[in-house]
Every structure is written in C-alpha cells, then in structure tokens.
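Thanks for coming, everyone. I have one model to walk through. Please look at the sequence and the structure first.

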Amino acid sequence: AIALYELAVAWREKADIDKRMNLMKARESGLKGIAFDPKLYRLQVLVAGVEAELGALPDAVDRLNDIINADPENQAALKLRGEIQAKLNESKS
C-alpha cells in the first residue's frame, strides 16, 4: 500500500507539472497572437486568465486594466479582474 501511495503522489505531481507546462505554452501562444493583433481583447483576457492560473496575479490585473482602459465595457475583462482582485484581497487577510 505504501508503494501505491508513493506512486499516486508521483502521478499527482506529474499532473501538476504537465498542467503548468501546458499553461505556459498557452501563454506563449497567446502572447504571439497578441503581437499580431493587440486589439484582440478576448485573447488578451485569455492570457490574463492563464497568467492568473500561473500565479502572476498582479501581471494579470495589469493586463486586464489595459484592456478595460481601451474597452471599458469589456465584460469578460471586468469579471476576471473582479475575481482576481477578490483572490488578492483574500491572500492579504
């Protein structure tokens, strides 16, 4: 049973690493797309969400603020910024 426990832990760690690597690839692809069209705000929001998942919450908020400054009615950016700011406030308490 101990060996199976250790195997399960190893698989879990591998899954976490794989997820992080895929998120980093998604961010890289998104940044390339943004370089072609910085006004594709849905891509900007997607990248901000990926950055948040990677733990770069302040970077994600900065990106979302830029989107909202350019497009104040962007509901996806407003919603995601609110969610991230709530997480930031939770971590401060």
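Let me start with Arg63. Setting aside neighbours within four places in sequence, Arg63 is in contact with Leu31, Ile34, Gln44, Val47, Ala48 and Glu51. Contact here means heavy atoms within 4.5 Å.

Before going on, the ground rules. This is a predicted model, where local features need pLDDT of at least 70, side-chain atom pairs count only at pLDDT 80 or more, and totals for chains, interfaces and linings use all residues. Residues are numbered from 1 along each chain as its sequence is written, and side-chain values use heavy atoms, with hydrogens and water left out.

Back to Arg63. Arg63 sits in helix α3, residues 57-70. Helices are DSSP runs of H or I with at least four residues, numbered from the N terminus. Is Arg63 buried or exposed? Arg63 is buried, with a relative accessible area of 17%. The cut-offs: buried is under 20% relative accessible area, exposed is over 50%, and partly exposed is in between, with a 1.4 Å probe and protein chains only.

Now Gln44, one of the contacts of Arg63. Gln44 belongs to helix α2. Its relative accessibility is 10%, so Gln44 counts as buried. Which side chain does Gln44 join through a polar contact of 2.8 Å? The partner is Arg63. A polar contact is a pair of N or O atoms within 3.5 Å; within protein, one must be able to donate a hydrogen and the other to accept it, and residues adjacent in sequence count only if both atoms are side-chain atoms. Beyond its neighbours within four places in sequence, Gln44 touches Ile34, Pro38, Arg63 and Ile67.

Next, the helix pairs. Take α1 and α2. Helix α1 covers residues 2-36, and it packs against α2 at an angle of about 150 degrees, with the axes 9 Å apart. Axes are lines fitted to C-alpha atoms, for helices over the stretch in contact, and angles run from 0 to 180 degrees between N-to-C directions. α1 and α2 are therefore roughly antiparallel to each other. The classes: under 35 degrees is roughly parallel, over 145 roughly antiparallel, 65 to 115 roughly perpendicular, and the rest oblique. The crossing of α1 and α2 is left-handed. That term applies if the near helix is turned anticlockwise from the far one by less than a right angle; clockwise is right-handed.

Who meets whom? From α1 come Lys19, Leu23, Ala26, Arg27, Gly30, Leu31, Gly33 and Ile34; from α2 come Leu43, Gln44, Val47, Val50, Glu51 and Glu53. By class, that contact of α1 with α2 has 7 nonpolar, 3 polar and 4 charged residues. Ala, Val, Leu, Ile, Met, Phe, Trp, Tyr, Cys and Pro count as nonpolar, Asp, Glu, Lys and Arg as charged, and the others, Gly among them, as polar.

Two residues from that contact. Gly30 is in helix α1. Gly30 is buried, at 5% relative accessible area. Gly30 and Val47 are 17 residues apart along the chain, and their C-alpha atoms are separated by 5.9 Å. Outside four places in sequence, Gly30 is in contact with Leu43 and Val47.

Glu53 is in helix α2. Glu53 is partly exposed, with a relative accessible area of 48%. Not counting residues up to four places away in sequence, Glu53 touches Lys19 and Leu23.

Helix α2 is residues 41-53 and helix α4 is residues 75-92; they pack at about 10 degrees, axes 10 Å apart. α2 and α4 are therefore roughly parallel to each other. Their crossing is left-handed. Val45, Ala48, Gly49 and Ala52 of α2 make the contact with Ala76, Ala77, Leu80 and Ile84 of α4. By class, the contact of α2 with α4 has 7 nonpolar, 1 polar and no charged residues. Ala76 of α4 is partly exposed, at 43% relative accessibility.

Last pair: α3 and α4. They pack at an angle of about 150 degrees, axes 10 Å apart. That makes α3 roughly antiparallel to α4. By class, the contact of α3 with α4 has 11 nonpolar, 2 polar and 2 charged residues. The crossing of α3 and α4 is left-handed.

Note on methods: Helix = DSSP H or I, 4+ residues; strand = E, 2+ residues; numbered from the N terminus.
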